[in-house]
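I opened this entry to look up a pocket, a core and a helix. The model is a predicted one.

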Amino acid sequence: AAMLVHDWELDRLTGVTGPTASYSADELAQIAFLDCEHKLAQLADLLALVDGKVPLLIEIKSRRRYDVEESCIAVRDALKNYRGAHAVMSFDPRVSRWFRRNSPETVHGLVIREDEKGMTQKAWQRHFALWLARPDFVAYHVMALPNPMTCGPLLRWEPSRGGQLFPHIYGPLPSVAVVRADPLPLDAAGHHLFPAHTGVGP
């Protein structure tokens with residue numbers, strides 16, 4: 001089963017030591033986060049909680065010499081009957097390639113950053129990753145933008161009113177990317193009234 005866990009080792013986030021992969025999904029589900037009663041959850045738990053209310057962007061973790069196929073299969077199986085808007089992405093181009101070949105209906109993306117924390121510090125590595133992945137979208141590290149590696153519509157999260165981050169699209173937005181459209185009427189003071197499902201207050 002696909003688990004919602006960030007680290008390869010459990011020590012930093014839980015009171016348990018050892019590699020995450022050394023525990024079964026059932027065993028991981030019994031482990032609580034540090035100083036908290038909440039336990040590690042499966043992707044299926046998150047899908048049931050969200051239930052299509054908001055789009056989901058799921059990152060699949062990887063590292064050098066890691067076989068990503070098991071993780072990809074687990075995520076695909078969890079998403080099999082999920083009807084909400086979603087996409088998967090990874091720093092590892094093999095993930096996008098796997099979904100392109102084995103689950104083409106799943107929107108799949110490649111994450112790229114150019115600093116020491118990424119897997120694509122050199123230009124040839126970035127070009128090779130794009131060639132291998134052939135992703136539906138690219139999530140590029142904001143500190144490396146603008147960048148000749150990006151083309152088409154660019155989505156950037158930028159400060160808006162009160163410092164709140166807001167997504168801005170630079171470029172044309174294809175109609176196939178639109179999953180919902182809502183009117184934004186103005187109140188008496190001329191402020192936009194956002195739909196309730198967005199969680200954005202006046």
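I began with the second largest pocket. I found 26 residues lining it, and Ala2, Met3, Val5, Tyr66 and Ser71 lie nearest its centre. Helix 1 (25-28), helix 2, strand 1 and helix 3 each give two or more residues to this lining. Helix 3 supplies the largest share, four residues. I noted a volume of about 830 Å³ for the second largest pocket. Sorted by class, its lining has 18 nonpolar, four polar and four charged residues.

Next I looked up the largest nonpolar core. It has 17 residues, and Cys72, Val75, Leu79 and Phe99 touch the most other members. Two or more residues come from each of helix 2 (43-50), strand 1 (56-59), helix 3 (69-79) and helix 4 (93-102). The largest share of this core, four residues, is from helix 3. I then checked cysteine 72. Setting aside neighbours within four places in sequence, I have Cys72 in contact with Ile60, Val95, Trp98 and Phe99.

Which residues of helix 5 (residues 123-133) are buried? I listed Gln125, Arg126, Ala129, Leu132 and Ala133. Why are they on the same side of helix 5? They cover an arc of only 135° around the axis, so they share one side of helix 5. Trp124 and Trp131 are exposed on the other side of helix 5. I looked for what covers the buried residues of helix 5, and the cover includes helix 4, strand 3 (107-112) and strand 4 (137-140). Arginine 134 follows helix 5, and its phi is positive, near 45°.

Methods. Residues are numbered from 1 along each chain as its sequence is written. This is a predicted model: local features need pLDDT of at least 70, side-chain atom pairs count only at pLDDT 80 or more; totals for chains, interfaces and linings use all residues. Side-chain values use heavy atoms; hydrogens and water are left out. A nonpolar core is a set of buried Ala, Val, Leu, Ile, Met, Phe, Trp, Tyr and Cys residues joined through side-chain atoms within 4.5 Å. Buried means under 20% relative accessible area, exposed over 50%, partly exposed in between (1.4 Å probe, protein chains only). Contact means heavy atoms within 4.5 Å. The arc is that of the directions from the helix axis to the C-beta atoms. On a 1 Å grid over the protein atoms alone, a cavity is a set of points where a 1.4 Å probe fits but cannot get out, and a pocket is an open set with protein on both sides within 12 Å along at least five of seven lines; lining residues have an atom within 4 Å of a point. Grid points are joined across faces, edges and corners, and a volume is the space filled by probe spheres set on the points. Ala, Val, Leu, Ile, Met, Phe, Trp, Tyr, Cys and Pro count as nonpolar, Asp, Glu, Lys and Arg as charged, and the others, Gly among them, as polar.
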